[in-house]
Amino acid sequence: MRTDRLLAITVLLLNRKRLSAKALADRFEVSTKTIYRDIEALSLAGIPIVAHQGTTGGFEIMEQFTISRQFLALDELLSMLAAVQGIRTAFDDQSVSNLLEKVKTMLQPTEREQLEHGGAPLTFDFNPWGQSASARARVQALRTAIGERRTVTFRYTNLDGAGTERTVEPIGLILKGYLWYLHAYCTLRGEFRVFRLSRVRELRVTEERFEPRPAPALDSYSWQPEWSGSGALDVVLTFRPEVRDRVEDTFPTEQAERLPDGSIRIRGCYPANEWFYGWMLSFGDKVRIDEPAIMARELKERAQKIIAQYAEL
């Protein structure tokens with residue numbers, strides 16, 4: 001519908017500064033002539049759109065213009081409210097609570113009453129069950145260090161149990177699933193690294209300040225195999241039917257193959273490290289490593305050592 005497209009164009013121009021007619025036409029799959037007619041309609045409606053000529057030209061909205069609550073549907077506003085409430089579960093911060101109250105003021109009285117009596121249709125909770133107070137304190141300390149541009153020192157333990165002393169320049173926190181990570185420049189390695197907070201020990205925010213370095217954007221964050229500390233190998237696993245539910249909850253469906261006897265075969269790429277072997281041992285005799293043989297032998301040796309621990313019983 002044209003009305004929806006006009007609103008969408010307005011929102012895009014508010015968020016992205018300047019956009020060309022071609023970019024808008026490609027976005028909405030219409031002709032540039034249609035876009036020019038849409039821009040004219042928005043201008044006639046009182047939205048202050050400025051057109052710029054040349055190779056870097058395009059349309060933009062005057063900086064002073066803001067969009068009002070009336071352009072937000074109730075379900076859109078409730079989604080925004082749920083996101084802010086989720087942030088509050090992760091941070092014990094008055095500024096986040098203030099933001100939540102500001103968002104609530106955009107609700108009509110009848111909408112607030114409906115929310116209070118009917119419950120939230122969408123809930124985000126970024127505070128894992130069982131998370132200790134010390135874990136939240138670590139997150140708060142790092143937020144302070146990031147905001148004040150102070151270096152941080154800590155002892156970092158990798159997947160194999162080895163620890164190193166680190167001094168880092170923190171730039172951002174990442175919540176991936178239920179785990180917190182720190183994005184920071186590591187002075188020991190001389191590059192930006194991602195640190196898992198559950199492996200951070202003896203965290204201390206120093207008085208030393210730093211000037212931010214050009215860094216990778218957090219929105220481009222993705223898992224890198226070298227972070228595991230060990231080379232990843234192609235692995236084939238066979239799980240017995242008794243643990244089917246757990247396997248289906250854990251592994252992506254595209255990695256799974258259901259066998260005639262009810263077993264599940266998993267093919268994936270995993271690191272040969274402490275995490276992997278501990279994970280396999282947690283399945284007891286309900287899993288077998290079919291490939292590679294080197295990982296199967298390592299798991300067998302670990303199981304034999306466990307048996308040896310109880311030889312006298």
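**Entry 1: overall**

I counted 10 helices and 12 strands in the protein chain; helices (H or I, at least four residues) and strands (E, at least two) are DSSP runs, numbered from the N terminus. I noted that this is a predicted model, in which local features need pLDDT of at least 70 and side-chain atom pairs count only at pLDDT 80 or more, while totals for chains, interfaces and linings use all residues. Residues are numbered from 1 along each chain as its sequence is written, and side-chain values use heavy atoms, with hydrogens and water left out.

I looked up burial next: of the 313 residues of the protein chain, 32% count as buried. Buried means under 20% relative accessible area, exposed over 50%, and partly exposed in between, with a 1.4 Å probe and protein chains only. For contacts (heavy atoms within 4.5 Å) between residues at least 6 apart in sequence, I found that 57% join residues at least 24 apart.

I traced an open sheet of five strands in the order 7-6-5-4-8, with antiparallel pairing. Two strands pair if DSSP finds at least two bridges between them. Strand 7 and strand 8 (200-209) are the edge strands, each pairing on one side only. Neighbouring strands of this sheet are turned by 45° against each other on average, direction ignored; the axes are lines fitted to C-alpha atoms, for helices over the stretch in contact, and angles run from 0 to 180 degrees between N-to-C directions.

I then went through the pairs. Strand 4 (residues 150-157) is joined to strand 5 by six bridges and runs antiparallel to it; Y156 stands opposite T164 of strand 5. Strand 5 (residues 163-176) pairs with strand 6 over eight bridges, again in the antiparallel sense, and L175 has W180 of strand 6 as its bridge partner. Strand 6 also pairs with strand 7 (residues 191-196), antiparallel, over six bridges, with L182 opposite F195 of strand 7. The hairpin of strand 6 and strand 7 has four residues between the strands, and G190 there takes a positive phi near 70°.

**Entry 2: burial of strand 6**

How many residues of strand 6 are buried? I found eight of the eight in residues 179-186, so strand 6 is largely enclosed by the rest of the structure. In a regular strand the side chains alternate between the two faces of the sheet. Here L179, Y181, H183 and Y185 point one way, W180, L182, A184 and C186 point the other way, and all are buried.

I found three strands forming an open sheet in the order 1-3-2, with antiparallel pairing. Its edge strands are strand 1 (18-19) and strand 2 (49-52), each pairing on one side only. Strand 2 and strand 3 (residues 58-61) share four bridges in the antiparallel sense, and I61 of strand 3 is the bridge partner of I49.

Further along, I saw eight bridges between strand 9 (residues 232-239) and strand 11 (residues 264-271), which run antiparallel. L233 has Y270 of strand 11 as its bridge partner. Strand 10 (residues 256-258) is joined to strand 11 by three bridges, also antiparallel, and E257 stands opposite R265 of strand 11. In the hairpin of strand 10 and strand 11, with five residues between the strands, G262 takes a positive phi near 95°.

**Entry 3: helix 9 against helix 10**

I checked the packing of helix 9 (residues 274-281) and helix 10 (residues 293-309): the angle is about 65° and the axes are 11 Å apart. Helix 9 contributes E274, F276, Y277, M280 and L281 to the contact, and helix 10 contributes M295, E298, L299, R302 and I306. I sorted these residues into seven nonpolar, no polar and three charged. Ala, Val, Leu, Ile, Met, Phe, Trp, Tyr, Cys and Pro count as nonpolar, Asp, Glu, Lys and Arg as charged, and the others, Gly among them, as polar.

**Entry 4: K286**

I located K286 in the loop between helix 9 and strand 12 (287-291). Is K286 buried, partly exposed or exposed? K286 is partly exposed, with a relative accessible area of 23%. Leaving aside its neighbours within four places in sequence, I listed T238, F239, R240, E242 and V243 as the contacts of K286. K286 and T238 are 48 residues apart in sequence and 8.3 Å apart in space, C-alpha to C-alpha.
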